[in-house]
Amino acid sequence: MPVNTLSMGDAVDQRTRIRIVVHKLAFRSGDLTPVNHPEKLAPIPYTNYVPETLLRNMGKWVKTELITPAIVKHVSETGEEIYSVKVIGPPNSRFSADTLEKLCDLADMYGIGVIRPTPQGNVEILTDEEERARRLEEELRKNGFLVGGWGNHLWNIQPCTAYLTCTTAVIDAPSIAKALGDALVEYVYEKETPAHLSIKVSGCPNACGGAIDVADVAVVGYPAQTPMVDDKWFSSIGSPLDVTAACPVGAITPKRDPSTGKAYGIVIRSELCIACGRCRDTVDAIVYDPKKTGVMVLVGGKASNTGPNGQLMSRIVVPYIPSEPPRWPTLVKVVKRIVDTWVINANKGERIGDWINRIGWDKFFELTGLPDVRKYLRFSEKPGPLYQPLYRRRLTETYAYLFREYASKI
């Protein structure tokens, strides 16, 4: 019998071993559902995993109160209280198993045995007494965790996954999140901001990290170049017509075999291309030169209806900063200057977009010292940076010089 072939008995033993492992995992997690045919089971109600305190008060929470920048109290109409202790997650929410076990142990020791991962990549630990919440905050600090981000503070810096799992990223978003976090960490707990501050980082204009329309400060990876096409590879894996249809500005036309008329490749007109990356999303045979990539910075977006202006779309204020991994010094200086200027000049409760709406763009550029982007781009009410129009590649070197010079003077 070949070495890599299993006998019937071996296969049965292997299936048995797998079932034993699955049963052990289910027992450890508290889920004792039969696992012989899990795909045929009805969905398990989420209420099976909700503590009794939360079940009793579901739909009855009437008030929240900030205790510390790391602790929020939730009060039910029944008079019961729950405290959320917020732990700031690492860039891209990559927690080690040891870290998660530590958090679970602390949740058992000081809380009601519940931890809640948030969409922003943070973790909330729930407890039912203020004294226990304060002791939990202290214990988290002793264990090296960063806590805070409630109320008028930096709530999160949320990057997309970028190179780790994505094929369309043009910059490394998690490294930017780390660099920005190190520069702005004082705003997580110690230093207050005028209002909630949210920062998002996306590795490309697709903005899977949400960094185009709803962030107070957004950083978006930008190719800043017409992509290159590998015709030989393209002919084997790509559809020219699909790529042509993906271009929002009609910069792509198919190459056709003159004898058959069949499309076998594409031509990209650099004078029309806005480097949005949509063709790159369609097929992997389109590539960018990593030495020419960079980032843009947008400000003023928010999804909430709070404040005098309600929901706001962000606007580009820095169209291009060259890539400078891993610490991104120019970008960090620019973002920190924007945040620090807002903190000094905004009224209480004003998000960055509300502040800019009150003082106007002239004053914004004057206070921050940023080169006035309106000399190069036309601001528009249409959503998203791709419609502004975004960028003229022939100004790439000019922008690089402008913002390097600006950052050197900060």
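Two strands are said to pair if DSSP finds at least two bridges between them. Helices (H or I, at least four residues) and strands (E, at least two) are DSSP runs, numbered from the N terminus.

This report concerns a predicted model, in which local features need pLDDT of at least 70, side-chain atom pairs count only at pLDDT 80 or more, and totals for chains, interfaces and linings use all residues. Residues are numbered from 1 along each chain as its sequence is written, and side-chain values use heavy atoms, with hydrogens and water left out.

Strands β4 and β5 run antiparallel and are joined by four bridges. Valine 114 has leucine 126 in β5 as its bridge partner. Five residues lie between the two strands of this hairpin, in which glycine 121 takes a positive phi near 90°.

The elements discussed here span the following residues.

| Element | Residues |
|---|---|
| Strand β4 | residues 114-117 |
| Strand β5 | residues 123-127 |
| Helix α11 | residues 361-368 |

Helix α11 contains the buried residues Trp361, Phe364, Phe365 and Thr368 (buried means under 20% relative accessible area, exposed over 50%, partly exposed in between, with a 1.4 Å probe and protein chains only). Seen down the axis of α11, these buried residues fall within an arc of 90°, so they line one face of the helix; the arc is that of the directions from the helix axis to the C-beta atoms. Asp362 and Glu366 are exposed on the face turned away from the buried side of α11. Just after α11, glycine 369 takes a positive phi of about 80°.

Glutamate 350 lies in the loop between α9 (329-345) and α10 (352-359). Glutamate 350 counts as buried because its relative accessibility is 10%. Leaving aside neighbours within four places in sequence, glutamate 350 is in contact (heavy atoms within 4.5 Å) with Pro194, Ala195, Trp342, Trp355 and Arg358.
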